[in-house]
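Keep the 3D view open and find each residue as you read.

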Amino acid sequence: QLSGVTTIIVLGASGDLAKKKTYPALFGLYRNNFLPEGTRIIGYSRSKLSDEGFYERISGYMKTPTEEIKVLLSKFLKLCTYVSGQYDVDEDYQRLNKAIEDIENVNNSKEKNRVFYMALPPSVFVPVARGLKNNVYSKNGINRLIVEKPFGMDLDSSRKLGKALAPLWKEEETYRIDHYLGKEMVKNLLIIRFSNVIFGAIWNRQSISNVQITFKEKIGTGGRGGYFDEFGIIRDVMQNHILQILSIVAMERPVSLSSEDVRDEKVRVLRCIPPVKLQDVLLGQYTKSEDGTNPGYLDDDTVPPESNCPTFAAATLFINNDRWEGVPFILKCGKALNEPKTEIRVQFQDVPGNVFKNASRNELVIRVQPNEAVYMKMTNKLPGLSMDTVISELDLTYHRRFSDLVIPDAYESLILDVLKGDHSNFVRDDELDAAWKIFTPILHQIEEEKIKPQPYTFGSRGPPGIDEFVAKYGFKRSTQEYNWPAQPAT
Ligand code: BG6
């Protein structure tokens, strides 16, 4: 834990990310007494805002279900102040520095720690990192810099960005956020895998047929189309969030839980993955919903009319090591689909020489969101006088199993890690490099060859070819109709 006085500085404080994620997470930490004693928060961005205007903006997404929480919110806002300034003007940063010093001096502490959260567009990453280092860096305390994606557009630009930042901020001061690493069920993966002898023994190519990691959203790019078009779904979600999940599903057991041991293993497994090939990719772009109420991707005025940008992608990766050779890892992600859902589905092999006909495969499903759960699909005797089989499940649905379940927001958990100086759930520079190596050639090929995505209807299951695509890699649907009996979260 940090000793002394801590100031959190949110750069890009008037923006969307700060309003929707950063400030609500800071408030969550405050409410639960996780901010170090005396912590103050300063927002900085270009917009000229009065304190009142700023408070209004950042409170918009904070939940205050009870009177008590409302009171806490007004106390929290008293810890927050705002300074406006440009991102490339030293004098403005010096004003920010002065504002921080004024707060630090009140506390009269010798150690003055500063945590900088860059909730910023990538175009200003470098000037801000420089402005902070030259003018706002604490000389008597710990400095930490949180950076949000996108970390470049491909291997080359990511390396350039890394080179520009490295002389300013040391790797141990830098926290590259991938908020999926803060999600409860993603954090649970290490424990499921390495704390249960039953999974440890079957977690390999001998028992597992294929792994699917799926990210589905119901919402389209609504309003963000212009931004999204530069990136596409592979850069937006697959190269980071889904690949991070894959690395934890597939990595070897770390020597210890120290952040470098964990990240060493993640990097090692990523380096065993050759670049994705076009033949292993399916791209889609959504068109308007059947009833016409939801517009298609191209109907967004901020999107170029002929854009080939994928809003859906499926890609199959292979891991060339002794544990995984030949096991397809099928990654799927898309916007404007039929349901919101992120899950990991490990499908096991057929039972060799099974005497029960039409048996279905076991599947272990780790449901990341919504309605967090771990369940195992298994074949069971249909109760009664016959020896018929039925697919059933061993089901650990969180909100049924854990009373008073409170799952912290991913950002809350990650900001707390930064305050504790724990890097395990942040992306290391070599990890980022390894991730880009897997996707850069395909991203370039898609752009150079202007590969057309398959259209799919807003609200559908995705492009029509998706079932065929997963079947190609050995995924088998259950022989009997099966639906996980999800209970809606209360
Ligand atoms: C972001 C992507 O990183 O993750 C968004 O840029 C996406 O496009 C979001 O909607 C999903 O996050 P969550 O936590 O809502 O699943």
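1. Let's begin with a term we need for the rings. Rings of Phe, Tyr and Trp (its six-membered ring) count as a pair if their centres lie within 6.5 Å. With that in hand, look for Phe228, Tyr286, Tyr297, Phe312, Tyr456 and Phe458, which form one aromatic cluster. Please bear in mind throughout that this is a predicted model.

2. Staying with rings, how many aromatic pairs does the count come to? By this rule, the count is 23 aromatic pairs. One of them is worth a visit: the ring centres of tyrosine 227 and phenylalanine 231 lie 4.9 Å apart with their planes at 35 degrees, so this pair is tilted. The label makes sense once you recall that planes under 30 degrees apart count as stacked and those over 60 as edge-to-face, with the rest called tilted. In general, a pair of aromatic rings is described by the distance of the centres and the angle of the planes.

3. Is each one buried or exposed? Buried means under 20% relative accessible area, exposed means over 50%, and partly exposed is in between. Phenylalanine 231 has 9% relative accessibility, so it counts as buried. Tyrosine 227, at 29%, counts as partly exposed.

4. Now zoom out to the whole chain. You can look for 14 helices and 15 strands in the protein chain. Its radius of gyration is 24 Å, close to the 23 Å that the globule rule gives for 490 residues, so the chain is as compact as a globular protein of that length. Along the principal axes, the C-alpha atoms fill a box of roughly 80 × 50 × 45 Å.

5. Next, the inside and the surface. Of the 490 residues, 53% count as buried. The protein chain exposes about 22,700 Å², and carbon and sulfur atoms supply 51% of that area. As for charge, there are 63 positive and 64 negative side chains, and the centres of the two sets lie 2 Å apart.

6. Contacts tell you how the chain is folded together. Among contacts between residues at least 6 apart in sequence, 78% join residues at least 24 apart. Leaving out residues up to four places away in sequence, alanine 314 touches Met238, Asp280, Val281, Leu282, Leu331, Lys332, Ile466 and Phe469. Alanine 314 is buried, with a relative accessible area of 0%. Lysine 163, on the other hand, is 151 residues from alanine 314 in sequence and 31 Å from it in space, C-alpha to C-alpha.

7. Which residues is arginine 46 in contact with, leaving aside its neighbours within four places in sequence? They are Tyr82, Ser84, Gly85, Gln86, Tyr87 and Val124. Arginine 46 has 42% relative accessibility and counts as partly exposed. Its C-alpha atom is separated by 23 Å from that of glutamate 104, 58 residues apart along the chain.

8. Some backbone details deserve a check. Most residues other than glycine have a negative phi, and most peptide bonds are trans. Here, a cis peptide bond joins lysine 149 and proline 150, with omega about 5 degrees, and proline 150 is in the loop between β5 (143–147) and α6 (155–165). Another cis peptide bond joins glutamine 369 and proline 370, with omega about -15 degrees. Proline 370 lies in the loop between β12 (363–369) and β13 (373–381).

9. Finally, look at two residues with positive phi. Asparagine 358 has phi near 55 degrees and is located in the loop between β11 (341–348) and β12. Lysine 450 has phi near 45 degrees and lies in the loop between α13 (429–448) and β15 (454–457). Asparagine 358 is exposed, with a relative accessible area of 60%. Lysine 450 counts as exposed too, at 60% relative accessibility.

Definitions and conventions
Residues numbered from 1 in each chain as written. Predicted model: local features only at pLDDT ≥ 70, side-chain atom pairs only at ≥ 80, totals over all residues. Heavy atoms only, no water. Helix = DSSP H or I, 4+ residues; strand = E, 2+ residues; numbered from the N terminus. Rg over C-alpha atoms; globule rule 2.2 N^0.38 Å. Buried < 20%, exposed > 50% of the residue type's maximum accessible area, 1.4 Å probe, protein only. Contact = heavy atoms within 4.5 Å. Areas by Shrake-Rupley, 256 points an atom, 1.4 Å probe, with all protein chains shown as cover. Lys, Arg positive; Asp, Glu negative; His and termini not counted. Charge placed at Lys NZ, Arg CZ, Asp CG, Glu CD.
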